[in-house]
Amino acid sequence: MAYMLLIVEPTGQRAERSEEAGRELYDRMVAFGADLKTRGLLLAAESLASQDSAVRVRKQDGRARLVDGPFAEAKEMIGGFFLLDCATREEAVAIAQACPAAQWCTVEVREVAPCYR
């Protein structure tokens, strides 16, 4: 089954650390992903840019409404993801517990499934 680990960061957290510290954490995440790939568990992984350059799109009454980031109401942002192929939910949770990002943010485990479930 496919599970996604969503890396949920507090907004502004990246700006609080130096570039060197950020690169060190990023390198730890890349190594984590490489290990998952070697073990045959990783389907995809990406880091996402800060929400400062994001845009939200919503259609209402046939008209698109765009809201540029940063989003003042947001306390957290999705900083990246790992898409895994795991046998069980428990395996995905164990991988999330081993994820380096769990030390500085939340790692949310979600099963990939149709949106009507």
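Predicted model: local features only at pLDDT ≥ 70, side-chain atom pairs only at ≥ 80, totals over all residues.
Helix H2 spans residues 19–38. The helix has 20 residues and extends 28 Å from its first C-alpha to its last, close to the 28 Å expected at 1.5 Å a residue. Its buried residues are Leu-25, Met-29, Phe-32, Gly-33 and Leu-36. Viewed down the helix axis, these residues fall within an arc of 95°, so they line one face of H2. An α-helix has 3.6 residues a turn, so residues three or four places apart point the same way. The buried residues of H2 pack against strands E1, E2 and E5 and against helix H3 (89–98). On the other side of H2, the exposed residues are Glu-19, Glu-20, Arg-23, Glu-24, Lys-37 and Thr-38. Gly-40, which has a positive phi near 75°, follows the helix.

The largest pocket holds about 500 Å³ of space. It is lined by 22 residues, of which Leu-25, Tyr-26, Met-29, Ser-47 and Gly-79 are the closest to its centre. At least two lining residues come from each of E1 (2–10), H2, E2 (42–47) and E5 (76–85). The greatest contribution is that of H2, with eight residues. By class, twelve of the lining residues are nonpolar, five are polar and five are charged.

Gln-51 lies in the loop between E2 and strand E3 (55–60). With a relative accessible area of 10%, Gln-51 falls under the 20% limit and is therefore buried. Leaving aside residues up to four places away in sequence, Gln-51 touches Thr-11, Gly-69, Pro-70, Phe-71, Ala-74 and Met-77.

How values were computed:
Residues numbered from 1 in each chain as written. Heavy atoms only, no water. 1 Å grid on protein atoms, 1.4 Å probe; cavity = no way out; pocket = protein on both sides within 12 Å on 5 of 7 lines; lining within 4 Å. Points joined across faces, edges and corners; volume = space filled by probe spheres on them. Helix = DSSP H or I, 4+ residues; strand = E, 2+ residues; numbered from the N terminus. Nonpolar A, V, L, I, M, F, W, Y, C, P; charged D, E, K, R; others polar. Buried < 20%, exposed > 50% of the residue type's maximum accessible area, 1.4 Å probe, protein only. Contact = heavy atoms within 4.5 Å. Expected span 1.5 Å × (residues − 1). Arc of directions from axis to C-beta.
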